[in-house]
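Open the model in a viewer and keep the selection tool at hand. The stops below are given in visiting order.

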Amino acid sequence: MRLAIVDLAYGNIGSIKLAFERLGVTPVVTADSVEISGADRVVLPGVGAAGHAMARIEARGLGDCLRSLKQPALGICLGMQLLFDRSDEANSECLGIIPGEVRALSPAPGTPVPHMGWSRLAVADAEIGIGTGEYVYFAHGYACDTGPATVATAEYGRTIPAVVRQGNWLGAQFHPERSGAAGSNFLQAFLA
């Protein structure tokens, strides 16, 4: 299997690559649109700010490539947020693959922002490899609203989508590469 991790030259690329290697797949880390388009699976990682990430995507000429992918593709954390129409973070236009907006989490007693730590999932689609009640690791200050693409949620001051699915795209707001056995099962289901 040819697995391409989109190289935006920052973020959690190394830990995502290692997580897939533990599953027996050696990904290629690339910013080459031909290599990305020709891969069997594609991962869009992300840690950081939406505006900065979108500027890197457009500077590398990858926006149209990512929008046109037909093979299974996975956005992780900020990579998931970039799948939506726009983000309140610096009022950024995103990839527009999934309708909706990403907005800041609101701090409250017991729910400081950013959301960093383990949260329990409620899962509506068992095909994602994780079940209801399992814990996964989050690190984010922005989240999209629930909608038709939402297949798993977590509670953090409000219900936040933990996993979304739209066509060939899957998105994880949590970090599967840091979520132990649950994260590993999620990545294995994506590969399958």
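The model being toured is predicted. The two strands here are S3 (residues 41-44) and S4 (residues 73-76), which pair in the parallel sense over 3 bridges.

Now widen the selection to the sheet. In what order do the strands of the open sheet run? The order is S2-S1-S3-S4-S14-S13-S12-S9, giving 8 strands with mixed pairing. At the edges stand S2 (28-30) and S9 (122-123); each has a single partner strand, so one side of each has no neighbour in the sheet.

H1 lies across S1 (3-6), S2, S3 and S4, and its direction makes an angle of about 165° with S1.

Next, select helix H3, residues 50-59, and colour by burial. Which residues of H3 are buried? They are Ala50, Ala53, Met54 and Ile57. These residues sit on the same side of H3, because the arc they cover around the axis is only 95°. To see what this side packs against, show S3, helix H4 (63-67), helix H5 (78-81), strand S5 (84-87) and strand S6 (92-93). Just after H3, stop at Gly61, where phi is positive, at about 65°.

Then select the cysteines. How many disulfides does a search of the whole structure find? The count is 0. The closest cysteine sulfur to that of Cys65 belongs to Cys94 and is 17 Å away, which is too far for a bond; a disulfide would need the sulfur atoms within 2.5 Å. Cys94 is likewise in no disulfide, its nearest cysteine sulfur being that of Cys144 at 11 Å. Is Cys65 buried or exposed? Cys65 is buried, since its relative accessible area is 6%, and a residue counts as buried under 20%. Cys94 also counts as buried, at 7% relative accessibility.

For the last stop, select Gln173, in the loop between strand S14 (169-172) and helix H6 (180-191). Gln173 counts as buried because its relative accessibility is 0%. With which side chain does the side chain of Gln173 make a polar contact? The partner is the side chain of Gln81, at 3.1 Å. Show the surroundings too: leaving aside neighbours within four places in sequence, Gln173 is in contact with Cys77, Met80, Gln81, Phe138, His140, Tyr142, Ala143, Pro161 and Ala162.

Methods
Residues are numbered from 1 along each chain as its sequence is written. This is a predicted model: local features need pLDDT of at least 70, side-chain atom pairs count only at pLDDT 80 or more; totals for chains, interfaces and linings use all residues. Side-chain values use heavy atoms; hydrogens and water are left out. Helices (H or I, at least four residues) and strands (E, at least two) are DSSP runs, numbered from the N terminus. Buried means under 20% relative accessible area, exposed over 50%, partly exposed in between (1.4 Å probe, protein chains only). A polar contact is a pair of N or O atoms within 3.5 Å; within protein, one must be able to donate a hydrogen and the other to accept it, and residues adjacent in sequence count only if both atoms are side-chain atoms. Contact means heavy atoms within 4.5 Å. Two strands pair if DSSP finds at least two bridges between them. Axes are lines fitted to C-alpha atoms, for helices over the stretch in contact, and angles run from 0 to 180 degrees between N-to-C directions. The arc is that of the directions from the helix axis to the C-beta atoms.
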